Amino acid sequence: MKDTIITLYVDTTKIIQYSNKEKDKVLECVLICDNHDDVPGREDFTSYTKSNSKLSWVGAAMYIMTSKEDFVIIKDIKSKKGSKSFIKIYNRKNGAGSTHIDGHVGKIKDSSPPEEYKIKFMVNSGGVEKKYTIDPKIKIF
């Protein structure tokens, strides 16, 4: 598959006790994986995609069977390179609405270094909502 779905799994019941300032604790509560044989992991939060392909980011409660009413919403994606980024994010009003965020990667050489970006997400656990930010990467393969 050429296009990439990046899933942010969050331990909603654990993360809700921390603030966004407690980065080490927050990072212990999240996993990122994609649909290119990338198993969920914490090691470097790098997702892989192909040049000239579509991207989608979606949030998910890690333990949905024990926290059935909890949810995770991706609120914003921003590249650290701004307008020079190979990651282009679509306007939500013209796309996914509030369930996920879509974008694409332009035509890029696979030797390009990984690009850092920010994911802002909101967690609802037991009716309590908090916002968090993490800084993963995307690499062209």
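A salt bridge is a side-chain nitrogen of Lys or Arg within 4 Å of a carboxyl oxygen of Asp or Glu, and a search of the whole structure finds 4 of them. This is a predicted model, in which local features need pLDDT of at least 70 and side-chain atom pairs count only at pLDDT 80 or more, while totals for chains, interfaces and linings use all residues. Residues are numbered from 1 along each chain as its sequence is written, and side-chain values use heavy atoms, with hydrogens and water left out.

| Pair | N to O distance |
|---|---|
| Lysine 78 and aspartate 76 | 3.8 Å |
| Lysine 80 and glutamate 116 | 3.1 Å |
| Lysine 80 and aspartate 135 | 3.8 Å |

Salt bridges that share partners join Lys80, Glu116, Lys118 and Asp135 into one network. Relative accessible area describes burial: buried means under 20%, exposed over 50%, and partly exposed in between (1.4 Å probe, protein chains only). Lysine 80 is partly exposed at 45%, as are glutamate 116 at 35% and aspartate 135 at 36%.

Aspartate 34, by contrast, is buried and has no salt bridge, the nearest side chain of opposite charge being lysine 50, 11 Å away; for charge, Lys and Arg count as positive and Asp and Glu as negative, whereas His and the chain ends are not counted. The side chain of aspartate 34 does reach the backbone nitrogen of histidine 36 at 2.8 Å, and that of tyrosine 48 at 3.0 Å.

Definitions and conventions:
Polar contact = N/O pair within 3.5 Å; in protein donor to acceptor, adjacent residues only side chain to side chain.
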